[in-house]
Amino acid sequence: ANMSFVHLHTHSHYTFQRALGTPESIAKRAKEHWQSAIAMTDNGNMYGAFEFYEACRDVGIKPIIGVEFLLSKKWRSNRDKDNELFEIVLLAKNRDGYKNLIHLVTTSQIEWYVNGKPRIDFPLLEQYHENLIALSGSMYGEIAQMISTGKDEATICERIEYYRKIFGNENYFLEIEEHPDKSLQPHINDTIVKISKKYGYEYVATNNTYYVNPDDASVQDIMMSVSDGRSLDDPDRNTLTNGDYSIRSSREMEELFVYAPKAYENTEKIASMIDLELDVGGYKIPKFPLTQEQKMQYANFLSESEWSNSSKSEFWLQKLTEEEW
């Protein structure tokens, strides 16, 4: 394929204590690989989104802004311990999709921040699904978890159809990753490819990157073990050092997914579905238009006040602020 691969599941250092690499270094790496676009999908936040958008524009590639969310089977108002959390990756197709990501992130941070992990629930997903592309996530996604726990095909397909119904068939992709260091991954991939071909589901290849270059792996590993409070020689600790979680070249990705060329091609297909323009520069100050009654108040206020040069909106903002305090 002369098509470039597009990385759609990528973490920057804003995936705190888990990933390395600035938004700039991610954009530059994709450019060095002659890739036409790249996504940034940090864990539950969009702190790097604008920085990333500008960095991609600077090097001349297409920015894809997304978030890797934790999706809970329980609902937001529930404060109990969560035992079932699923990963899902959502990408903004355009500005409206970007706004929906902001709604999701904001709600998760404000209403449902548990043990340092913000999460969303299914009702939220149903509310803010428009103009988003969804990937089913890594081995921690719901579909992958169903496959690895041996659920039957009918049950798996039922859940796939649920997501397809929310996002639209053309916007929902089953995700496969070539990370054989995770023992369950090959079985997940085989099953996804098999049922996708059988039922006409869309599927896509990712590398779920946690650092930019292969030689960053050991630094990322030390950071992760420190944040998990584990010693480096603990055999049971979580580690990515047995695999390659860097931003790999298109050639490498093509070879890894030689058994599923469609999964490779769909990365560029997804990139072509995205058209995101954000306003750069300028002030984003909210306006407070005055009602008739407020205009009267304003007129009275000015007659008894010295600062007659102040603007109407400033007057009203000050008044609102004073009332709040």
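Me: What should I know before I start?

Reply: This is a predicted model, in which local features need pLDDT of at least 70 and side-chain atom pairs count only at pLDDT 80 or more, while totals for chains, interfaces and linings use all residues. Residues are numbered from 1 along each chain as its sequence is written, and side-chain values use heavy atoms, leaving out hydrogens and water.

Me: Is H179 buried or exposed?

Reply: Buried means under 20% relative accessible area, exposed over 50%, and partly exposed in between, with a 1.4 Å probe and protein chains only. H179 is buried, at 1%.

Me: Which residues is H179 in contact with, leaving aside its neighbours within four places in sequence?

Reply: Contact means heavy atoms within 4.5 Å. For H179 the partners are Q185, N207, N208, D244 and Y245. D244 is 65 residues away in sequence, yet the two C-alpha atoms are 7.5 Å apart.

Me: How many disulfides does the structure hold?

Reply: A disulfide is a covalent bond between the sulfur atoms of two cysteines. The cut-off here is a pair of cysteine sulfur atoms within 2.5 Å, and the structure holds zero. As for individual cysteines, C56 is buried at 0% relative accessible area, and C157 is buried at 9%.

Me: What span should helix α3 have?

Reply: Helices are DSSP runs (H or I, at least four residues), numbered from the N terminus. The expected span is 1.5 Å times one less than the number of residues. Helix α3 (residues 95-111) has 17 residues, so it should span 24 Å, and its end C-alpha atoms are 24 Å apart, which agrees. Buried residues in α3 include G97, Y98 and L101.

Methods:
Helices (H or I, at least four residues) and strands (E, at least two) are DSSP runs, numbered from the N terminus.
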